[in-house]
Amino acid sequence: MAIQVTEKFVSQIVDLRSAITNLTKDTSEFVSELRQIASDRLSTLSFPTTKDEEWKYTDVSSLKKLTFTAQSAISEDIEALIAKHSAPEASDNLIVFVNGQYSEQFSNITGAAPELVIGTLATLGDRILPKLRSHLAQHPDTNDYFASLNTACMEDVAIAIVPKNLVVEKPIQFLFVATPQLSAATLLTQPRCLVIAEAHSNLTFIQTFVGNDDQPYFSNTVTEVWLAEGAQVNHTEVQWQSDRAVHINTTAIAQARNSVYKNQSISLGAKISRQNSVVHQMAEQTETSLTGLAFIDGEQMADTHSVIAHNYPHGSSKQLHKCIADGRSHAIFNGKIQVSKLAQQTDSAQLSRNLLLSGKARVDTKPQLEIFADNVKCAHGATVSQLEAEEIFYLQSRAIDAESAVNLLTYAFATEAIAQIPILSVRRSLSDFVLEKTKA
Amino acid sequence: MIVENSEVILSVKNLTAEVGGVEILKGLDLEIKAGEVHAIMGPNGSGKSTFSKVLAGHPAYTVTGGEILYKGKNLLDLEPEIRAREGIFLAFQYPLEIPGVTNSDFLRLSYNNLRKHKGLEEFDLIDFDDFIQEKLEIVEMNPSFLSRSVNEGFSGGEKKRNEILQMAILDPTLAILDETDSGLDIDALRIVAGGVNKLSTPDNSSLVITHYQRLLNYIIPDFIHVMENGKIILTGDKNLALELEEKGYDWLKEEEAIAA
C-alpha cells in the first residue's frame with residue numbers, strides 16, 4: 001500500500017503528542033475529536049512529494065529521515081530572542097510559546113482590553129467552547145497533509161477573539177520561539193493559532209516565528225482567521241526562523257460580508273520554508289490584500305503558495321509578492337486567483353516581482369487564474385529581473401557608487417513590501433535587517 | 001555668459017561613439033568655457049541624447065575614438081559616480097522612479113557622497129534639512145516631496161523639478177540638460193528654466209539639449225549648435241534657434257547636401 005511509508009512518518013509524530021491533561025473536560029473531548037478526525041484523514045493522504053503539482057519545487061522528503069522529539073530544554077539565549085522579536089507596541093497583548101509550550105513567564109496579557117478574549121485553549125477553558133466548535137479546525141483549507149498533522153497533534157492553541165464592534169487599539173503578538181538542543185532527535189513544534197474577529201471589530205496582530213541556530217528543527221504551524229461581517233483585520237507574519245529550520249505554515253482565512261483582511265507575510269529565515277495562504281471570500285463585497293516578501297540567501301528555499309477564492313460578487317483583492325534571491329537560494333511563488341461563476345464584478349490584481357542577486361539563485365513564479373465569471377477585472381503580472389543597468393546608472397550619475405546603488409535598489413525593492421506593515425517597530429527591525437544585508 | 005579668458009571646462013575632439021554596435025557619434029567637436037550656456041539642437045536621432053549619456057558615462061555607450069577633456073583631464077578614465085562628484089551633472093530626459101527610497105534619503109546620500117569626495121564631513125539629518133530647505137525654493141517645491149519615494153507618482157513636471165533640485169544640491173560645474181523641456185506645461189517650464197538660471201554662475205556652464213526652441217526663450221544660450229548625423233554641423237548665437245524654428249531642420253540637410 002502506498003501509504004505505508006507515510007504512516008511511519010505520521011505515526012512517529014502522532015506518538016509524540018501527549019495525552020490532553022491541561023484542558024477542561026468538554027474542551028478536552030472536543031480536541032480529542034479533532035485529533036481523531038485529522039488522524040483518520042491523514043491515513044488517506046500521502047506525504048507530499050515533488051511529483052505533486054503543489055510541491056513540484058519543494059522537496060521536504062528530508063523530514064522523513066528524521067527522528068523527532070517534542071521536547072527541548074530552554075536555552076540561555078531565550079530572553080535575548082524574545083526581547084529582539086517582541087514588538088513594544090504589543091507588550092500588553094503578548095502570547096509566547098517556547099518549544100511548542102505556552103510560556104506564562106514570557107507572555108503578558110495583563111494590560112489587554114477587558115472585552116478582548118486572549119489566551120490559550122488551556123487558560124480560556126470551556127467558556128469559549130461554542131466558538132471553538134464553529135471555528136477551530138473548521139476552515140476547509142486546514143485539511144491538507146501538514147495542516148492535518150498539526151490538528152492530529154493539537155494540544156494548546158493561541159487564541160484571540162475580538163467581540164462585536166470592539167476596536168482593539170494595540171496590536172496583539174503571538175511569538176513562537178524554538179530553542180533546539182543537541183540531541184539525537186530533531187525538535188518538532190506545531191504552533192496553532194485561532195483568531196476570530198466578530199462583526200465590525202478591528203484587530204491588528206503579528207505572528208512571529210523565531211529560533212536559535214544551534215540545531216535543526218521543524219516547525220509546522222496552522223493559523224485560522226475568521227472575519228465576521230464588517231470586521232477588519234491586519235495580520236503580519238514574520239518568519240525569522242534559523243537557517244537550519246524547516247518551516248511549514250498554513251494560514252487559512254475566511255471572510256464574511258464587507259470584511260477587510262490585510263496580510264503582510266515576510267519570510268527571511270529557514271532552510272526550507274513553505275507558506276500556504278488561503279483566503280476564502282464567503283460573502284459579498286469583501287476586500288483582501290496580501291503582501292509578501294521572501295528575502296533569502298545561501299542554500300535557502302522559500303516557497304509561497306497562495307489562493308484567493310472569490311466566491312461572491314463585488315469582492316476585491318490585491319496581491320503583491322516579492323522575492324529577492326541571492327547566493328544559491330531558490331524562491332517559489334504560486335499565486336492562485338479563483339473567481340467562481342457567482343463572483344461577478346470581482347476586482348483582482350496580482351503582481352509577482354522577483355529580483356535575482358546572483359547568477360546561481362533561482363526563482364519560479366506562477367500566477368494562476370481560474371476565472372468562471374464573465375464580468376470581472378483580473379490583472380496579473382510577473383517579473384523576474386536583475387537590477388536594471390539604467391537604474392544603477394541613474395544613481396551613479398548622482399554621485400553614488402555602483403555597489404551602494406545596487407544595495408540601495410535592493411533595499412528599496414524589499415522596503416516596498418515592508419512599508420505595508422502598520423507596526424512601526426516591526427517595520428524598523430525588518431528594515432534594519434534588510435539594510436544590514438544590503439550593506440557593502 | 002561669455003567671459004573673457006575663462007577656463008575651458010569641456011573640450012571634445014573628433015568624438016565617435018556607438019551603442020549596441022551602431023555608430024551614433026561620428027566626429028563631434030565642442031568646447032565649453034566657464035560661464036557659458038550652450039545649446040545643442042537637432043532632429044530626433046541626430047545623436048544629441050547619446051552625447052549627453054557619453055558625457056555622464058552611461059555603460060551602454062562605447063567611445064570608439066576621439067577625446068573628451070574635462071577641466072583638462074581625460075573624462076573617459078572616470079567612473080560615472082566620479083564624474084558626478086567632479087561636477088558633471090546630467091538631468092535625465094526620463095528620470096527613473098525608485099519606489100521604496102524616500103527622496104530625502106536619496107538626496108542626502110547623493111550629497112554626502114559629494115561631500116566625502118571633497119573631504120568634507122557628511123551631513124546628518126538636521127544639517128541636511130536646513131540645507132535642503134533653501135534648495136527647495138529654487139524649484140518652488142513643496143517639502144512634502146522629500147518624504148515621498150523618488151519620482152514615484154510624480155507628474156512629468158514634478159520629475160523635472162526634482163532633477164533640477166538634484167542639480168542644485170550637487171552644484172555642478174557642467175550641467176547637461178537632456179530634453180528637460182519635454183512633457184512640460186508652460187508653468188513647469190518656467191519654474192525649471194528659472195531654477196537653471198538661478199544656479200548659473202560665471203564659474204559653471206550648461207549644455208542644454210533640446211529639440212525645440214521654446215526652452216531657449218527661458219534659458220538664453222550663448223551658443224547654439226546644430227547636430228545632424230552624429231556631429232555638429234552649424235554653430236551660431238541665440239538667433240539661430242529662431243531660424244530653425246521657422247525653417248525646420250530639413251533646410252540644413254539641404255544646405256549640407258549643397259555644400260557636399
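The model is a predicted one, and it scores ipTM 0.94 and pTM 0.80. For chain B, the mean pLDDT is 92, and 98% of the residues in that chain reach 70 or more.

**Where the two chains meet**

- Start with the meeting of the chains, where 17 residues of chain A are in contact with 21 residues of chain B.
- On the chain A side, helices α7 (389–396) and α8 (402–418) each supply at least two of the touching residues.

- Now look within chain A, where the domain assignment gives domain 1 as residues 4–283 and domain 2 as residues 389–440.
- If you want a sense of their spacing, the C-alpha centres of domain 1 and domain 2 of chain A lie 31 Å apart.
- These domains of chain A do touch: 12 residues of domain 1 are in contact with 10 residues of domain 2.
- On the domain 1 side of this contact in chain A, the elements giving two or more residues are the strands β9 (202–211), β11 (232–240) and β13 (260–267).
- Which element gives the most to the side of domain 1 of chain A that touches domain 2 of chain A? The answer is β11(A), with three residues.
- The residues on that side of domain 1 of chain A split into seven nonpolar, four polar and one charged.

**A pair of helices in chain B**

- Over in chain B, find helix α4 (residues 125–138) and helix α5 (residues 156–170), whose axes come within 9 Å.
- The axes of α4(B) and α5(B) cross at roughly 130 degrees, and the two helices are therefore oblique to each other.
- Is the crossing of α4(B) and α5(B) left-handed or right-handed? The crossing of these two helices is right-handed.
- To see the contact itself, pick out B:K135, B:L136 and B:I138 in α4(B), which meet B:L165, B:A168 and B:I169 in α5(B).
- The residues of this contact between α4(B) and α5(B) divide into five nonpolar and one charged, with no polar residues.

Definitions and conventions. Residues numbered from 1 in each chain as written. Chains lettered and ligands numbered in written order. Predicted model: local features only at pLDDT ≥ 70, side-chain atom pairs only at ≥ 80, totals over all residues. pLDDT = per-residue confidence, 0-100. Domains from an automatic or database assignment. Contact = placed C-beta atoms within 7 Å. Helix = DSSP H or I, 4+ residues; strand = E, 2+ residues; numbered from the N terminus. Nonpolar A, V, L, I, M, F, W, Y, C, P; charged D, E, K, R; others polar. Axes fitted to C-alpha atoms, helices over the stretch in contact; angles between N-to-C directions. Parallel < 35°, antiparallel > 145°, perpendicular 65-115°, else oblique. Left-handed = near helix turned anticlockwise from the far one by under 90°.
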